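Visitor: I am new here. Please walk me through this chain and tell me what stands behind each label.

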Amino acid sequence: MDLIVTGVVAGVLGTLVMDSLNNLFARTGMISKIDVGMIGRMAAGWAHGRFRYGHPSEMEQVANEFLYGYVTHYTIGVGLAVPYVLGWMLLVGGLASPVWALAYGVATTGASWFFVFPSMGFGVFGRRSPEGLRAPLSSLANHLFYGVGLAVGIALV
């Protein structure tokens, strides 16, 4: 049970750090801001069995999309952290490594590039994003931020 609590705390903290640093760096124009409303629209599509859009314009706005977006975003953050913590215990033994948590956070970028971007209609790596190359690079930065928060969460708990 302690491992699950560690995973939940680390996942929430990782996502919180991701959001905070995204906000900071997006204000400087260095990376793109996370569009929580679009995450909510994507989640609403998932709830109705639609897992891929051909173009982002096909995603219609839905009531409470920001709420859905935040719930989905943080659920994904926790859903990625708990298997890391449990998997470490099963495969390596002992408490999960904060150093490897940073690498794991970066590796989770693959979920964004190969699942989330295509699910939103941006294609693999977000190649159809109006942001161009900035979209996948912003995703990489955001998942690095997630890894930092995940590592801190694991070290603190």
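Guide: Start with a definition: helices (H or I, at least four residues) and strands (E, at least two) are DSSP runs, numbered from the N terminus. From the N terminus on, the elements here run α-α-α-α-α-α. That gives six helices and zero strands. This is a predicted model: local features need pLDDT of at least 70, side-chain atom pairs count only at pLDDT 80 or more, and totals for chains, interfaces and linings use all residues. Residues are numbered from 1 along each chain as its sequence is written, and side-chain values use heavy atoms, with hydrogens and water left out.

Visitor: What makes α3 and α6 oblique to each other?

Guide: Helix α3 (residues 65–91) and helix α6 (residues 134–156) pack at about 50°, with axes 12 Å apart. Angles under 35 degrees count as roughly parallel, over 145 as roughly antiparallel, 65 to 115 as roughly perpendicular and the rest as oblique. The pair is therefore oblique.

Visitor: Which residues of α3 and α6 make the contact?

Guide: Contact means heavy atoms within 4.5 Å. From α3 come Gly77, Leu80, Ala81, Tyr84 and Val85; from α6 come Tyr146, Leu150 and Ile154. By class, seven are nonpolar, one is polar and none is charged. Ala, Val, Leu, Ile, Met, Phe, Trp, Tyr, Cys and Pro count as nonpolar, Asp, Glu, Lys and Arg as charged, and the others, Gly among them, as polar.

Visitor: Why does Thr6 count as buried?

Guide: Buried means under 20% relative accessible area, exposed over 50%, partly exposed in between (1.4 Å probe, protein chains only). Thr6 has 14% relative accessibility, so it counts as buried. Thr6 lies in helix α1 (residues 2–27). Not counting residues up to four places away in sequence, Thr6 touches Val85, Ile154 and Val157.

Visitor: And Phe125: why is it called partly exposed?

Guide: Its relative accessibility is 37%, so Phe125 counts as partly exposed. Phe125 lies in the loop between α5 (109–120) and α6.

Visitor: What is the phi of Phe125?

Guide: Phi of Phe125 is near 65°, a positive value in a residue other than glycine. Most residues other than glycine have a negative phi. Asn64, in the loop between α2 (36–47) and α3, also has a positive phi, near 65°.

Technical notes
Axes fitted to C-alpha atoms, helices over the stretch in contact; angles between N-to-C directions.
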